[in-house]
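Look at the chain below.

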Amino acid sequence: RMAAAPPSYCFVAFPPCSKDGLVVFGKNSARPRDEVQEVVYFAAAAHDPGSKVECTYIEIEQVPKTHAVVLSRPSWLWGAEMGANEHGVCVANEAIMTREPASESEALLGMDLVRLGLERGATAKEALDVIVALLEEHGQGGNYYEDGNSCHTFQSAFLIVDRNEAWILETSGKYWAAEKITEGVKCICNQLSLTTKIDAEHPELRNYVKSQGWWNGDSDFNFSEAFSLADDHLACCAGKESLEKQGGKVTAQAMIDVLRDKDSGVCVDSESFLTTASIVSVLPQDPSFPCIHYFTGTPDPSRSIFKPFIFVDDVKLVPKVQSPSFGNDDPAKKIPRFQEKPDRRHELYKAHEWARSLLENDQDKGQKLMRIMLDLEKQGLEAMEDILTRTEILDPAEVVDLFYDCVDTELKFFK
């Protein structure tokens with residue numbers, strides 16, 4: 001049983017550490033090696049009073065209006081590992097262990113809370129408020145993996161970012177603390193990082209910790225010290241140094257380079273875990289410019305292409321990065337769950353498997369293919385750079401097919 005939390009990494013960089021008025025966000029999602037992630041878009045929607053929404057394991061009250069979202073998610077669940085909404089809010093989660101065992105009873109998953117925060121929050125702070133209110137009402141729990149033999153449960157941490165600020169939210173059961181960030185570079189990984197700088201918290205947090213005997217009330221309250229298992233709340237972030245080495249100007253390209261770094265451990269490729277998908281988002285602090293979200297939709301960012309997505313009305317859907325749907329026959333929806341594992345690979349994933357085997361087995365052809373892939377990516381990054389530096393307003397028609405076309409071009413190369 002995989003007792004350790006999967007070692008995902010999330011980053012945010014603010015000016016002056018990042019380039020010219022841009023906030024840059026990124027995540028490598030480490031998951032069980034064979035799990036497929038899909039990239040899915042859901043348009044903004046109005047919902048009837050009293051309607052419910054079916055999350056991964058439980059049903060909860062729906063809200064009157066949900067924002068448009070684009071998500072990278074393990075294709076068997078409802079929520080997401082990471083994503084963004086039309087208002088320039090980005091959310092990513094981390095599975096963490098605390099001294100309280102996570103609940104096996106089915107409730108909201110950390111991944112469900114990522115999506116709920118994005119659908120319901122128009123700013124980072126609103127998304128945070130949504131997540132902690134739902135945590136209070138429904139709790140977190142249930143299997144994190146599509147595994148019928150064993151229940152893998154974790155507590156959750158989140159990085160929640162918008163054009164102006166970021167929040168690091170760490171939870172244990174329904175208790176939580178959060179820190180607000182508006183400058184510098186921040187990295188969170190699969191262990192607690194909040195110490196004494198806490199800008200918001202569960203109203204009963206300190207009383208609870210005292211009642212458990214984890215804090216005497218005399219010293220400064222330190223969230224990680226109170227909740228961590230033994231000494232594991234050390235500075236975990238290999239990636240922060242790589243980002244800081246970028247000479248003070250973090251760009252989309254710099255964030256991509258950090259996510260590709262296997263030597264630092266940020267790009268995970270181990271016996272149990274693989275970086276199964278990645279995201280980089282660029283959020284201009286000037287709201288007249290669009291936010292740009294780059295998704296791989298495939299495993300191992302060092303062998304994947306980051307493809308841009310921009311929110312516009314009627315954005316073209318991309319079935320080729322969506323996994324097949326099994327409806328109510330899905331083994332993830334039947335009790336007992338996960339009695340079998342259907343083939344969830346989407347078209348891009350299958351094509352990319354071929355590319356990965358070529359990269360592994362034929363050095364010459366593999367290197368040639370990698371050059372073509374990186375060149376394709378570079379064209380996308382340069383076109384986006386142009387959008388962020390021009391003076392005239394972006395014409396939505398110009399980018400309505402953007403992500404679709406990038407996926408299409410990538411597939412053509414693989415074929």
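## A loop residue

Between which two elements does the loop holding L109 lie? L109 sits in the loop that links β10 (90–96) to α1 (110–120). The model is predicted.

Is L109 buried or exposed? Its relative accessible area is 1%. L109 is buried, because the cut-off for that class is under 20%. Leaving aside neighbours within four places in sequence, L109 contacts T56, Y57, W76, L77, G141, G142, N143 and Y144. I96 is 13 residues from L109 in sequence. In space, the two C-alpha atoms are 12 Å apart.

## The sheet

Eight strands form an open sheet with antiparallel pairing. Their order is β3-β8-β9-β10-β11-β12-β13-β15. The edges are β3 (37–42) and β15 (200–201). Each has a single partner strand, so one side of each lacks a neighbour in the sheet.

Strands β11 (residues 155–161) and β12 (residues 166–172) run antiparallel and are joined by five bridges. F158 has L169 of β12 as its bridge partner. Helix α2 (residues 124–138) packs on the sheet. This helix touches β11, β12 and β13 (175–181). The directions of α2 and β12 make an angle of about 10 degrees.

## Helix α6

Why is helix α6 (residues 252–259) described as largely enclosed by the rest of the structure? Six of its eight residues are buried, so the rest of the structure largely encloses the helix. The buried residues are A252, A254, M255, I256, V258 and L259.

Terms used. Residues numbered from 1 in each chain as written. Predicted model: local features only at pLDDT ≥ 70, side-chain atom pairs only at ≥ 80, totals over all residues. Heavy atoms only, no water. Buried < 20%, exposed > 50% of the residue type's maximum accessible area, 1.4 Å probe, protein only. Helix = DSSP H or I, 4+ residues; strand = E, 2+ residues; numbered from the N terminus. Contact = heavy atoms within 4.5 Å. Pairing = 2+ DSSP bridges. Axes fitted to C-alpha atoms, helices over the stretch in contact; angles between N-to-C directions.
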